[in-house]
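Student: I would like a close look at one part of this model. Please take the aromatic contacts first, then the strands around them.

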Amino acid sequence: VDYKGIAANPAQLNALIKSIANAPKWKENEEKAFLINAYNIFVIKGIIDHYPTEGPLKIDGFFDKQTFTLRGSKITLNTLEKETLAKQFPDARLHFALVCAAIGCPKLAPFAFSGESLETQLENQTRAVINDPTFIRLEGPNATISQIFNWYAADFGGKNQVIAFIQKYLLKKVKLNPKYSFYEYDWSLNKM
């Protein structure tokens with residue numbers, strides 16, 4: 001993300017923040033897409049408000065204390081992700097659409113999610129992340145994977161289903177070993 005460029009000219013970001021604060025409630029996929037986009041925009045705003053920074057964990061309470069206005073109510077990133085999105089729309093693919101401003105996160109999609117294209121967008125984003133060699137590191141049939149699969153194992157069907165989930169989206173034709181390891185999560189800022 002070009003935080004430096006956004007910080008130098010925040011007008012578009014501020015307009016998005018204002019529209020999220022006053023947005024109507026949407027139905028089904030439109031609401032899910034709206035909340036994904038709101039989360040990602042709030043993350044960018046949180047970084048810009050403290051820019052320059054080395055990463056989100058260098059900002060006190062970035063995920064659980066800092067608040068943003070969603071439809072007139074204050075909300076934290078953790079509440080938006082874990083209480084609102086995950087409960088209303090349980091979907092493991094959200095972990096590849098929501099970006100936490102760290103290098104260890106999936107790369108931010110180069111588009112806004114939309115209700116009418118959401119299923120295709122989530123599938124494509126999940127496939128892109130799973131096939132990113134910095135996210136899933138393969139040595140033959142052995143995989144070293146992101147801590148996201150550890151922290152949210154239940155969302156992927158449990159620790160025994162993680163490899164099956166990855167295998168579903170993996171383009172490389174290799175049967176993965178059911179045993180896997182995790183690499184250290186990099187909380188450094190995902191800046192350009």
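Is F68 buried or exposed, and what is its relative accessible area?

Tutor: F68 is buried, at a relative accessible area of 6%. Buried means under 20%, exposed over 50%, and partly exposed in between, with a 1.4 Å probe and protein chains only. This is a predicted model, where local features need pLDDT of at least 70 and side-chain atom pairs need 80 or more, while totals for chains, interfaces and linings use all residues. Residues are numbered from 1 along each chain as its sequence is written, and side-chain values use heavy atoms, without hydrogens and water.

Now the ring contacts. A search of the whole structure gives 17 aromatic pairs. Rings of Phe, Tyr and Trp (its six-membered ring) pair if their centres lie within 6.5 Å; planes under 30 degrees apart are stacked, over 60 edge-to-face, and the rest tilted. F42 and F68 are stacked, because their centres are 4.8 Å apart and their planes meet at 10 degrees. The two residues are 26 apart in the chain, with F42 in helix α3 (residues 28-48) and F68 in strand β1 (residues 67-70). Helices (H or I, at least four residues) and strands (E, at least two) are DSSP runs, numbered from the N terminus. F42 is buried too, with a relative accessible area of 0%.

A second pair is edge-to-face: F63 and W187, at 6.0 Å centre to centre and 65 degrees between the planes. This pair links parts of the chain 124 residues apart. F63 lies in the loop between α3 and β1, and W187 in the segment after β5. F63 is buried at 12%, whereas W187 is partly exposed at 27%.

There is also a cluster. Ring pairs link F96, F135, F149, F156, F165 and Y169. Elsewhere, a charge meets a ring: the charged end of R137 sits over Y183, 3.6 Å from the ring centre. That call needs NZ of Lys or CZ of Arg within 6 Å of the centre and within 35 degrees of the ring normal.

Next, the strands. Strands pair if DSSP finds at least two bridges between them. β3 (residues 136-139) and β4 run antiparallel, joined by four bridges. E139 stands opposite N142 of β4. Two residues lie between these strands in the hairpin, where G140 takes a positive phi near 60 degrees. On its other pairing, β4 runs parallel to β5 (residues 180-182), with three bridges. Here T144 stands opposite S181. β4 itself (residues 142-145) has two faces: A143 and I145 are on the covered one, N142 and T144 on the uncovered one.
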